[in-house]
Amino acid sequence: MSRRMPLRVALAVFAAAALIAGAAAVPAYITSALASSSRPEKDRDRDVNRKPDLVIAFAGIKPGQQVGELMPGGGYFSRLFCQIVGPTGHLYTISMIPAVKRDPPPPDAAAAPPPANACTNVTADSQDASTLKLPSGLDVVWTSENYHDLHNAYFGKPDLKVLDRAVYDALKPGGIFIVEDHVAAAGSGARDTETLHRIEPALVKQEVTSVGFVFVAGSDLLHNPEDSHDAKVFELKGRSDKFLFKFRKPGN
């Protein structure tokens, strides 16, 4: 007579199986980029929360692709993408020019300078968010932890329909748009983008699909059930609840 497995045990087994399956699905070119000796230790310390192997595998970025990265910040993902796409691919990073001038923070004598990117297949640019123009024929456009910022006065509150359409137009048919960001409370829309630096996932999905993108999938890889969505994300030190969305431009 068979005995039923307790629910708690079954869930643990399922989670372990999912992790093993996810690890098996990570291509060698991603693990190789992660293992590169050129990666700064600061980047490696963030891997536990950002899960770059699984996240990049979900995005489908691979050798030979043309990738656009919006608002690359300190270059954490840039340093991985350029190695993954390799010499036959190219990475275009586009920073947004602030629309509001603020006094810079006081210099920190102990702070290390930003790590250099050893790749030579990167083109860096800075643009006004309201007139964004990306190179054409891209395979993937990626933005992580900053789509919410485009709703804020700091970047001039650009028309997101225009910006998302610029991404759509830059992608080749079948191209992918990846959006990863901090989860805001259900029903909050863009209310917390300026204060908590969060955005409601449903709003992002509505905005992006309104210009023609098809929603392909969402992932719980970065979900944190312990985040109550009412704290500033900076206070959580990388452990905020995040959504990860994949959109596709229709076509082959």
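# Chat about a predicted chain

User: Where is isoleucine 61 found?
Analyst: Isoleucine 61 is in the loop between helix H4 (52-59) and strand S1. Helices (H or I, at least four residues) and strands (E, at least two) are DSSP runs, numbered from the N terminus. This is a predicted model, where local features need pLDDT of at least 70, side-chain atom pairs count only at pLDDT 80 or more, and totals for chains, interfaces and linings use all residues. Residues are numbered from 1 along each chain as its sequence is written, and side-chain values use heavy atoms, with hydrogens and water left out.

User: Is isoleucine 61 buried or exposed?
Analyst: Isoleucine 61 is buried, with a relative accessible area of 1%. Buried means under 20% relative accessible area, exposed over 50%, and partly exposed in between (1.4 Å probe, protein chains only).

User: And what is isoleucine 61 in contact with?
Analyst: Leaving aside neighbours within four places in sequence, its contacts include Tyr29, Ile56, Val67, Phe81, Val140 and Trp142. Contact means heavy atoms within 4.5 Å. Isoleucine 61 and phenylalanine 81 are 20 residues apart in sequence, and their C-alpha atoms are 7.7 Å apart.

User: Step back a bit. What does the secondary structure of the chain come to?
Analyst: Seven helices and seven strands. Along the sequence the pattern is α-α-α-α-β-α-β-β-β-α-β-α-β-β. Of the 252 residues, 45% count as buried. Among contacts with a separation of 6 or more, 78% are between residues 24 or more positions apart.

User: Which strand does histidine 90 lie in?
Analyst: Histidine 90 lies in strand S2. At 18% relative accessibility, histidine 90 counts as buried. Its contacts, leaving aside neighbours within four places in sequence, include Gln65, Val67, Val85, Asn121 and Thr123.

User: How many residues of S2 are buried?
Analyst: Five of its seven residues, so S2 is mostly covered.

User: What does S2 pair with?
Analyst: S1 and S2 run parallel and are joined by five bridges. S2 also pairs with strand S3 (residues 122-127), in the parallel sense over six bridges. Two strands pair if DSSP finds at least two bridges between them.

User: Which residues are bridge partners there?
Analyst: Glutamine 66 has histidine 90 in S2 as its bridge partner. Tyrosine 92 has threonine 123 in S3.

User: What do S1, helix H5 and S2 make?
Analyst: S1, H5 (residues 78-85) and S2 make a right-handed β-α-β unit. A crossover is right-handed if, with the strands pointing away from the viewer, the path from the first strand over the helix to the second runs clockwise. S4, H6 and S5 make a right-handed β-α-β unit as well.

User: Then on to H6. Which residues are buried in it?
Analyst: In H6 (residues 160-170), Leu160, Leu163, Asp164, Ala166, Val167, Tyr168 and Ala170 are buried. What covers them includes strand S1 (66-70), strand S4 (138-144), strand S5 (171-182) and helix H7 (201-209).

User: What caps the N-terminal end of H6?
Analyst: Aspartate 159, with a side-chain oxygen 2.9 Å from the backbone nitrogen of lysine 161.

User: Why is S5 largely enclosed?
Analyst: Nine of the twelve residues of S5 are buried, so the rest of the structure largely encloses this strand. S5 pairs with S4 in the parallel sense over six bridges, with valine 141 opposite phenylalanine 177. S5 pairs with strand S7 (residues 242-248) in the antiparallel sense over seven bridges, and there aspartate 181 has phenylalanine 243 as its partner.

User: Different topic. How much space lies in the largest pocket?
Analyst: About 1100 Å³. On a 1 Å grid over the protein atoms alone, a pocket is an open set of points where a 1.4 Å probe fits, with protein on both sides within 12 Å along at least five of seven lines; lining residues have an atom within 4 Å of a point. Grid points are joined across faces, edges and corners, and the volume is the space filled by probe spheres set on the points.

User: What lines the largest pocket?
Analyst: There are 40 lining residues, and Arg46, Gly73, Gly74, Glu145 and Phe234 lie nearest the centre. Helix H3 supplies the largest share of the lining, six residues.

User: Last one: where does lysine 237 lie, and what is its phi?
Analyst: Lysine 237 lies in the loop between strand S6 (214-219) and S7. Its phi is near 50°, a positive value in a residue other than glycine. At 63% relative accessibility, lysine 237 counts as exposed.

Methods
Polar contact = N/O pair within 3.5 Å; in protein donor to acceptor, adjacent residues only side chain to side chain.
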